[in-house]
Protein chains: 2
Amino acid sequence: MSDVARLAGVSHQTVSRVLNEHPNVRADTRARVLDAIDQLGYRRNLVARALVTSRSRTLGVVSFDTTLYGPASTMYGIEQAARAAGYFVSIVSLRSIDAEGVREAIGYLTEQGVDGVVVVAPQRSAARALESLPPGMPAVAVEGTHRANVSVVCIDQIEGARLATKHLLDLGHETVWHVSGPSDWLEAEGRLDGWRSALEEAGRPVPEPLTGDWSPKAGYEAGRRLAAMPGVTAVFAANDQMALGVLRALAEAGVRVPEQISVVGFDDIPEAAYLSPPLTTVRQDFDAVGRHCIEVLLRQIDAIGPGTYERLVVRPDFVVRASSATAP
Amino acid sequence: MSDVARLAGVSHQTVSRVLNEHPNVRADTRARVLDAIDQLGYRRNLVARALVTSRSRTLGVVSFDTTLYGPASTMYGIEQAARAAGYFVSIVSLRSIDAEGVREAIGYLTEQGVDGVVVVAPQRSAARALESLPPGMPAVAVEGTHRANVSVVCIDQIEGARLATKHLLDLGHETVWHVSGPSDWLEAEGRLDGWRSALEEAGRPVPEPLTGDWSPKAGYEAGRRLAAMPGVTAVFAANDQMALGVLRALAEAGVRVPEQISVVGFDDIPEAAYLSPPLTTVRQDFDAVGRHCIEVLLRQIDAIGPGTYERLVVRPDFVVRASSATAP
DNA sequence: TTCACGATTGTGAACGTTAACATCATGAGC
DNA sequence: GCTCATGATGTTAACGTTCACAATCGTGAA
């Protein structure tokens, strides 16, 4: 920077002012400085800047298994929104989901000097780790708990599950079976609750849910069991991958979808529209989730003192395709 | 840090030494310092450290559409390996794939002071951007060009495509149709070449390939065209998502897979094993790619002076499932 | 007892930037 | 012509580490 200053015949402070678009710099001085910058190929050192401003313009994201479509999409949305706002994104993907791991990850990020963290950790255990955030660290949880000491952005899982369940009931099905996600996932819980409440509201019997782990394999196994059960005409799977497994198991068992059994999923993965048959599902707007996360987080970073905690709920859409039809 | 030093009754330098596990610190001094650190809840400031050492222990990753299974998995592998090596990962996901975007992203990361960059940009245009890397910046490309001014880690696309094509020929198919990826993708090109060379080697006719954009939709459209063409008995799709679209189109057209037409994909996405029918495909070890990236990059960072450029090729596996069978 | 030498600890400067304040010129208003 | 506000620029001191070097302490051999 001092090289630039020397070449432009000004002080380093003036160079800094030009760089930061300070208004009080004469136009010709600015031009001279910019020229010098160009000539020397100078790039400012953001590390030094972060040291003195104690703002790194970096956000941390803690996530779990970014290979899954949901987390990957959320991450993408977060990164896009963050960069649009002039922030960098530093990520930590956890292999396991214990509170200790989340805590450690947040610790790392804190040391690194991030201005805030987004925690995409939709497990009950991981959400618990949020209760021991470093004081003063702005944070947003995606699908976090209802505890009030952290802001939360989430998709209305209950509503999504209700949409799916009601859709099936409206088609004349007596009741709807459910293949749920792992019990410690908040999303799994929300979808379970939504499904159950929709059935109860309609005064229908609530069958015992089958529990899976989000994987196609789990869906397949649940599908085999469902195919063997008499009277099953409608299945709501807690995500599309499991729905896909269910479809496979039903096909293998010679059960026709949707003629004999209707299947509905959740997520709207890119594959959903091209399965056999194309899958009726609940679409989540992960982009919106990412955007809201950054909005909330930036508000919190810019707030003076401990801001209030927000809770932002994104409504899901329902996409009707060919895997659901009127009851046989 | 000076607070810790005062509490422990030592100089700030000794605290630094304890933190960096310098050997020449007496055991009881170390204990006293650690105690003080604990008591004050002190965390070191990595930004200040980065300023003076000019090492941020952060790596940058530039990627394109991390929503896709391949890039997402590669990213995951990279992050895991980087963290294991004590590095942070800062990401930039590009929405579009022009060289300008890649250049800009690398510029951002350079300003931020990353110690090296991994560029996952398997398009010809993006790969070109690597030719104008900031001098002295360690870099690794995933699926980059063959140009020698940057290290490359890649999966042997040609070999994978040859495995798939030969498998189908061995099953007695006269020839194999191909649904390729977008022409400016290096992976698409590699798979096309592998497919073509396998056919030529066997002295078989080489049909005009159908070009897609990796999406299930593109596969579906290609599938419809293939279903209408007489004499098609085997199709090799350049990725699993397109293969899925092909399967869907064939199912719609009443063509049975694999009895009438065999289909093979590429990637082995988690869904592949549970499609109808389960998809024969080429598995890519993205974890290995991520690991190798970090290994190569760290070697380059630790090397004194301009190291040599490496080229590391990961061999794909072939997974036989039910979507391929002997020719009708 | 003395000395040399390695182990341990301390001191000051530096990394590259911005914040805070100081300085200087310019021009408007009386 | 004088004062005073305002805009443009410069000067100095941080930010929290590590590096290079200096100083001190202890220990074993002569």
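**View 1. Helix H4(A) gives the most residues to the surface near DNA strand C, five of them.** Here "near" means that a residue's C-beta atom, placed from the backbone, lies within 6 Å of the strand. Helices (H or I, at least four residues) and strands (E, at least two) are DSSP runs, numbered from the N terminus. A word on what you are looking at: this is a predicted model, where local features need pLDDT of at least 70, side-chain atom pairs count only at pLDDT 80 or more, and totals for chains, interfaces and linings use all residues. Residues are numbered from 1 along each chain as its sequence is written, while chains are lettered from A and ligands numbered from 1 in the order in which they are written.

**View 2. DNA strand C is surrounded by 23 residues.** Look for Met1(A), Ser16(A), Asn45(A), Thr29(B) and Val52(B), which are the closest. Two or more residues each come from H2 and H4 of chain A and from H2 and H4 of chain B. By type, this surface has nine nonpolar residues (Ala, Val, Leu, Ile, Met, Phe, Trp, Tyr, Cys and Pro), three charged ones (Asp, Glu, Lys and Arg) and eleven polar ones (the others, Gly among them).

**View 3. DNA strand D also has 23 residues around it.** Ser11(A), Gln13(A), Met1(B), Ser16(B) and Asn45(B) come nearest. H4(B) gives the most, with five residues.

**View 4. Chain A meets chain B, with 44 residues of chain A in contact with 44 residues of chain B.** Two residues are in contact if their C-beta atoms, placed from the backbone, lie within 7 Å. On the chain A side, helix H5(A) supplies the largest share, seven residues. That side divides into 21 nonpolar, 15 polar and eight charged residues. The copies meet through the same surface, because 100% of the interface residues of chain A are also interface residues in chain B.

**View 5. Strand E2(A) and strand E2 (residues 88-94) of chain B run antiparallel, joined by three bridges.** Strands pair if DSSP finds at least two bridges between them. Find Ser90(A), which stands opposite Ser90(B).
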